[in-house]
Amino acid sequence: MKVTTAALPLLPLFQRLLPGLPGLPGLPGLRSIPGLSDVAALPGRLTGLSLNLLKASALEAAILAGHLLLYPSGIIQERRPAQDLRPADTQDPQSSPPAPRLPVPASPPVVLLHGFIDNRSVFLLLRRSLAQHGRHEIESLNYSPLTCDIRTAAELLGRHVEEICERTGSARVDVVGHSLGGLIARYYVQRLGGDLRVRTLVTLGTPHAGTKVVPLANAHPIVRQMRPGSAVIEELNRPAPGCRTQFVSFWSDLDHVMDPLETACLTHPDLSVQNVRVSGIGHLALPVHPTVATGIRQALDTAAPETGTETGTGSDKHGGGLTVA
């Protein structure tokens with residue numbers, strides 16, 4: 001009995017390696033375990049899993065080091081283009097001709113929203129990738145690291161989106177949120193009427209059902225809001241009939257910030273959702289890796305045409321997948 005109890009914390013790993021392994025109700029006998037036939041393949045699976053974990057961990061460490069160097073550059077809010085607010089009759093047409101009103105862009109502007117204790121610098125490579133493929137209206141929003149409430153951050157996002165729509169002439173925007181940023185954007189869409197403004201919401205490693213990782217971090221109020229069963233998570237689980245926003249959720253099978261891993265999958269009967277599994281990288285690599293960037297571009301470019309009153313079609317648990325070498 002002592003041996004069985006000691007092995008319980010390792011049971012999830014054993015069940016991943018041996019899919020036929022049951023929940024060990026009482027160990028009636030080794031021969032009765034359906035997964036015993038997979039024992040011969042165990043060394044190979046362990047080797048493959050170890051190599052993937054090693055590669056992903058090394059990549060996470062490299063990304064973290066690079067991000068720490070870039071972090072200071074993203075502390076200040078990005079500068080927006082200055083507008084000439086002088087009356088038309090006081091402007092010199094030869095020195096400063098009035099700029100024509102920007103036409104409505106073919107694609108909606110893209111708003112990038114970072115995760116917990118982070119800033120817009122995390123999107124440096126993704127922003128470049130989007131710009132190289134025709135997305136010219138891209139803006140990042142920094143919310144304060146002292147933010148203690150997802151609802152407050154969602155209200156800030158709403159004001160930011162309204163300002164972008166007014167300035168660009170676009171009726172809607174696309175939003176890409178990493179980790180906590182995706183949860184903030186989802187709250188804005190579902191609870192604050194943001195589905196009128198957000199065409200597509202792409203989330204990267206977002207704890208849609210709450211994450212149990214690092215229990216000691218509960219000292220921070222916003223971390224408590226990201227726990228399973230929190231008031232914010234319960235609000236997001238409420239009905240959302242008629243939601244106009246399309247959701248695409250990227251989740252990684254090596255994301256150590258998500259506990260359990262599937263918490264980054266979005267499941268809601270009233271939402272139109274595609275869940276995309278990413279294999280081979282961790283949490284920090286999701287907004288950085290070029291393969292994921294390609295998947296994000298495809299998700300934004302293949303968004304359904306505007307209908308104005310289209311309702312959700314339920315959650316898609318069998319969406320596409322990305323394998324990162």
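How many residues does helix α9 have, and how far does α9 reach from its first C-alpha to its last? The legends below take up this and other views of a predicted model.

**View 1. Helix α9, residues 290-301.** Helix α9 has 12 residues. From first C-alpha to last, α9 reaches 16 Å, close to the 16 Å expected at 1.5 Å a residue. Several α9 residues are buried: Val292, Ala293, Gly295, Ile296, Arg297, Ala299 and Leu300.

**View 2. The whole protein chain.** Nine helices and eight strands make up its listed elements. The chain has 325 residues, and 43% of them count as buried. Take the contacts with a separation of 6 or more: residues 24 or more positions apart account for 79% of these.

**View 3. Helix α5 packs with helix α6.** Two packed helices are described by the angle between their axes and the distance between the axes. Here α5 covers residues 150-168 and α6 covers residues 180-191. The angle is about 75°, and the axes lie 8 Å apart. The two helices, α5 and α6, are therefore roughly perpendicular to each other. On the α5 side, the contact involves Ile150, Arg151, Ala153, Ala154, Leu157, Gly158, Val161 and Glu162. On the α6 side, Leu180, Leu183, Ile184, Ala185, Tyr187 and Tyr188 take part. By class, the contact of α5 with α6 has 11 nonpolar, one polar and two charged residues.

**View 4. Ala153 in helix α5.** Is Ala153 buried or exposed? Its relative accessibility is 4%, so Ala153 counts as buried. Beyond its neighbours within four places in sequence, Ala153 is in contact with Thr147 and Ile184. Gly181 is 28 residues away from Ala153 along the chain, yet their C-alpha atoms are separated by 9.1 Å.

**View 5. The largest nonpolar core.** This core has 34 residues. Those with the most contacts inside it are Ile150, Leu157, Val173, Leu180, Ile184 and Phe247. At least two core residues come from each of β1 (110-113), α5, β3 (173-178), α6, β4 (198-204), α7 (221-225) and α8 (231-236).

**View 6. Leu180 and its contacts.** Which residues is Leu180 in contact with, leaving aside its neighbours within four places in sequence? They are His114, Gly115, Phe116, Tyr143, Ile150, Ile222 and Met226. Leu180 and Ile150 are also both among the residues with the most contacts inside the largest nonpolar core.

Key:
Residues are numbered from 1 along each chain as its sequence is written. This is a predicted model: local features need pLDDT of at least 70, side-chain atom pairs count only at pLDDT 80 or more; totals for chains, interfaces and linings use all residues. Side-chain values use heavy atoms; hydrogens and water are left out. Axes are lines fitted to C-alpha atoms, for helices over the stretch in contact, and angles run from 0 to 180 degrees between N-to-C directions. Helices (H or I, at least four residues) and strands (E, at least two) are DSSP runs, numbered from the N terminus. Angles under 35 degrees count as roughly parallel, over 145 as roughly antiparallel, 65 to 115 as roughly perpendicular and the rest as oblique. Contact means heavy atoms within 4.5 Å. Ala, Val, Leu, Ile, Met, Phe, Trp, Tyr, Cys and Pro count as nonpolar, Asp, Glu, Lys and Arg as charged, and the others, Gly among them, as polar. The expected span of a helix is 1.5 Å times one less than its number of residues. Buried means under 20% relative accessible area, exposed over 50%, partly exposed in between (1.4 Å probe, protein chains only). A nonpolar core is a set of buried Ala, Val, Leu, Ile, Met, Phe, Trp, Tyr and Cys residues joined through side-chain atoms within 4.5 Å.
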